[in-house]
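Please look through the structure shown here before reading on. The paragraphs below go from the whole chain to its parts and then to two single residues.

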Amino acid sequence: MSQPIKIGIVGVGKIVRDQHLPALAKDQDYRLIAAASRHGKVDDIANFPDIEAMLGAVPELEAVSLCMPPQFRYDAARTALMAKKHVFLEKPPGATVSEVEDLKTLAAQNGVSLFASWHSRYAPAVEAARAFLDTAKIRSAAINWKEDVRRWHPNQEWIWAPGGFGVFDPGINALSIATHILPAMFITSAVLDFPENRASPVAARVTFRTSNGMPVTMDLDWLQTGPQSWDILADTDKGAMVLSGGGSKLAIDGKVIHEEPEAEYPMLYKRFAEIVRAGTSDVDLAPLQHVADAFMLGKRNVVEAFFD
Ligand code: NAP
């Protein structure tokens, strides 16, 4: 087996504690040796206030995972790529499409790997849904992603700021699955609900079509209390498909055909090790492009103020 990849982590917050640290602790492909964060710390490794200090003090680092919010990721990614480190980007990979294109070019110029991670694509039933849809004629599809922002993102101010994406922060997870399992599509209309005191939307209704006219709707809502829904439905000639639980359960005509516990972050790190060792990059910008298009084409609807 190859030597473990010496990795550092940047932006130690919720997702690092919930997912990255547990996944890395169990993965023999990696050795986590340093962290950089203004306030957060990781036990038992070297900690630094920022990525420049970390890269200067720990030259043996081969890769970094960048887990700060998207608005603050580009400069850190550029610094790491210029220092010839492989880079794992949390989702969404950046605040704009063009800055991530720039990172792709920098990775190629510096001979290192760039990974735009989309964790929901690694949900357990996503590949089974893709295989089912590959053999079916799809008549229409619908994405329903409705969750309670107060429960999942308490006091996260960046998420409401420009570049934080608002309800498209979870919505882009749905799009990362939809762009993997459905035919290529484009947005034809969108309505985005902006609370009067916020810079990002709390809900959105988006319609897409494919080039041969197949309609897809997307309903995003961040004020859903009670049961949460993270579902993609498709009406097909082989039955009604429901991919629910954020991609964890697949049913056709009401019969569950695939369900297993999620292991999204271990799978993401497996994929990252694969591309590092193959000397390639994996940067699919389709989900980010759809979000950009929704902001570009969408009608802005002002709704009542939102308070945490
Ligand atoms: P978070 O806890 O609010 O932020 C992560 C860390 O980034 C913070 O603890 C902070 O660490 C650093 N940070 C915040 N503002 C910064 C700034 N202006 N400049 C530099 N660093 C800054 O957010 P999170 O929930 O972990 O989400 C981070 C990313 O992971 C997002 O892109 C999100 O979409 C994605 N993600 C989140 C979840 C989730 O369930 N939360 C799930 C999947 C993916 P310091 O103050 O120590 O620097």
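How many helices and how many strands are there in the protein? The model, which is a predicted one, contains 9 helices and 15 strands.

Overall dimensions come next. The C-alpha trace spans about 55 × 45 × 35 Å along the principal axes of the protein. The radius of gyration is 20 Å, and this agrees with a compact globule, because a globule of 308 residues would have a value near 19 Å.

Of the 308 residues in the protein, 51% are buried. Among contacts with a separation of 6 or more, 72% are between residues 24 or more positions apart. The accessible surface of the protein amounts to about 13700 Å², and carbon and sulfur atoms hold 53% of this area. As for charge, the protein carries 31 positive and 38 negative side chains. The centres of these two sets lie 2 Å apart.

Thr105 is part of helix H4, which runs over residues 97–110. Thr105 has a relative accessibility of 41%, so it counts as partly exposed, a class that lies between the cut-offs of 20% and 50%. Leu81 is 24 residues away from Thr105 along the chain, and the C-alpha atoms of the two are 10.0 Å apart.

The second example is His290. This residue lies in helix H9, which is formed by residues 286–297. Is His290 buried or exposed? His290 is buried, because its relative accessible area is 8% and the cut-off for buried is under 20%. Which residues does His290 touch, not counting residues up to four places away in sequence? Leu175, Thr179, Met185, Phe186, Ile187 and Phe208 are the residues in contact with His290 on that count.

Methods:
Residues are numbered from 1 along each chain as its sequence is written. This is a predicted model: local features need pLDDT of at least 70, side-chain atom pairs count only at pLDDT 80 or more; totals for chains, interfaces and linings use all residues. Side-chain values use heavy atoms; hydrogens and water are left out. Helices (H or I, at least four residues) and strands (E, at least two) are DSSP runs, numbered from the N terminus. The radius of gyration is taken over C-alpha atoms; the globule rule is 2.2 Å times the number of residues to the power 0.38. Buried means under 20% relative accessible area, exposed over 50%, partly exposed in between (1.4 Å probe, protein chains only). Contact means heavy atoms within 4.5 Å. Accessible areas come from the Shrake-Rupley method with a 1.4 Å probe; for residues, only the protein chains shown count as cover. Lys and Arg count as positive and Asp and Glu as negative; His and the chain ends are not counted. The place of a charge is taken as NZ of Lys, CZ of Arg, CG of Asp or CD of Glu.
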